[in-house]
Amino acid sequence: DIYDTQVKKLEKIKAAHEGYKRGSAALKDARKEVKRYLVPSLSKVASQLLVEMTDGQRRHIFIDENFDIWVDNQPVRTLSGSGVSVVNLALRVALGRVLTQSVIPIFLADEIDANMADKRTEATHASLRRLTAQLKQIIVVTHKEFKESDQTVWIT
């Protein structure tokens with residue numbers, strides 16, 4: 001009786017192990033597909049945004065095979081705080097554009113410019129304004145004042 005019980009437990013463990021192996025294989029396949037299709041498009045769109053958001057100071061975002069992010073041939077972690085913020089913003093906007101194919105026409109941003117110098121802030125906001133052709137609603141919450149914006153709501 002004990003032997004039969006233990007054999008049944010072992011069979012359940014083996015079945016679970018097979019399920020985990022199939023799941024692991026599926027994840028590996030998905031990772032390959034993401035690398036093949038998503039990463040090149042994401043890098044291209046994010047790089048275009050990065051050039052705009054930095055007034056040409058930064059030019060290229062590259063995502064390697066381990067999904068590490070490189071900016072102009074240096075790891076993103078070596079950039080300044082505002083540099084990392086701009087790269088992250090470019091990647092988020094690019095990811096939304098690549099994944100949704102502009103089906104979801106809205107972008108929400110809260111304090112994306114908090115650690116940016118004025119010049120970089122202006123370039124970043126100008127880049128976001130240019131996206132209004134693809135994104136019908138862009139909502140940016142900021143404490144910085146701008147002379148040029150489509151619509152402004154001041155909350156004090």
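At which residue does H1 bend, and which proline follows within four residues? In this predicted model, H1 bends by about 40 degrees at Leu 38, and the proline that follows is Pro 40.

**Overall form of the chain**

- Read from the N terminus, the order of the elements is α-β-β-β-α-β-α-β.
- The radius of gyration of the chain is 23 Å, whereas a compact globule of 156 residues would have a value near 15 Å.
- Along the principal axes, the C-alpha atoms occupy a box of roughly 80 × 40 × 30 Å.
- Of the 156 residues in the chain, 29% are buried.
- When contacts between residues at least 6 apart in sequence are considered, 60% of them join residues at least 24 apart.

**Helix H1 and its buried residues**

- Helix H1 covers residues 2-53, and its bend of about 40 degrees is located at Leu 38.
- Leu 38 is itself one of the buried residues of H1, and the others are Val 39, Leu 42, Ser 43, Val 45, Ala 46, Ser 47, Leu 49, Leu 50 and Met 53.
- Just after H1, Asp 55 has a positive phi of about 50 degrees.

**Packing of H1 with H3**

- Two packed helices are described by the angle between their axes and the distance between the axes.
- H1 and H3 (residues 118-130) pack at an angle of about 130 degrees, and their axes are 7 Å apart.
- This angle makes H1 oblique to H3.
- On the H1 side, the contact is formed by Leu 49, Glu 52 and Met 53; on the H3 side, it is formed by Arg 120, Ala 123, Thr 124, Ser 127, Leu 128 and Arg 130.
- Sorted by class, the residues in this contact of H1 with H3 are four nonpolar, two polar and three charged.

**Packing of H2 with H3**

- The axes of H2 and H3 cross at roughly 5 degrees and come within 12 Å.
- H2 and H3 are therefore roughly parallel to each other, since angles under 35 degrees count as roughly parallel.
- From H2, the residues Ser 82, Gly 83, Val 86, Leu 89 and Val 93 meet Arg 120, Thr 124 and Leu 128 from H3.
- By class, this contact of H2 with H3 has four nonpolar, three polar and one charged residues.
- Arg 120, Thr 124 and Leu 128 of H3 are also among the residues that take part in the contact with H1.

**Three buried residues in the helices**

- Ser 47 lies in helix H1, and it counts as buried because its relative accessibility is 8%.
- Leaving out residues up to four places away in sequence, Ser 47 touches Arg 59, His 60 and Ile 61.
- Leu 49 also belongs to helix H1, and its relative accessibility of 3% is why it counts as buried.
- With residues up to four places away in sequence set aside, Leu 49 touches Ala 90, Val 93, Ala 94, Arg 97, Ser 127 and Leu 131.
- Leu 49 and Arg 59 are separated by 10 residues in sequence and by 9.0 Å in space, taken from C-alpha to C-alpha.
- Ser 127 is placed in helix H3, and it counts as buried because its relative accessibility is 0%.
- Apart from its neighbours within four places in sequence, Ser 127 is in contact with Leu 49, Glu 52 and Met 53, which are the residues that H1 contributes to its contact with H3.

**Positive phi values in two loops**

- Asp 72 is found in the loop between E2 and strand E3 (74-75), and its phi is near 50 degrees, a positive value in a residue other than glycine.
- Asp 72 counts as partly exposed because its relative accessibility is 25%.
- Glu 111 is located in the loop between strand E4 (106-110) and H3, and its phi is near 55 degrees, again a positive value in a residue other than glycine.
- With a relative accessibility of 26%, Glu 111 counts as partly exposed.

Conventions. Residues numbered from 1 in each chain as written. Predicted model: local features only at pLDDT ≥ 70, side-chain atom pairs only at ≥ 80, totals over all residues. Heavy atoms only, no water. Axes fitted to C-alpha atoms, helices over the stretch in contact; angles between N-to-C directions. Parallel < 35°, antiparallel > 145°, perpendicular 65-115°, else oblique. Contact = heavy atoms within 4.5 Å. Nonpolar A, V, L, I, M, F, W, Y, C, P; charged D, E, K, R; others polar. Bend = angle between axes of the 7 residues up to and from the residue. Buried < 20%, exposed > 50% of the residue type's maximum accessible area, 1.4 Å probe, protein only. Rg over C-alpha atoms; globule rule 2.2 N^0.38 Å.
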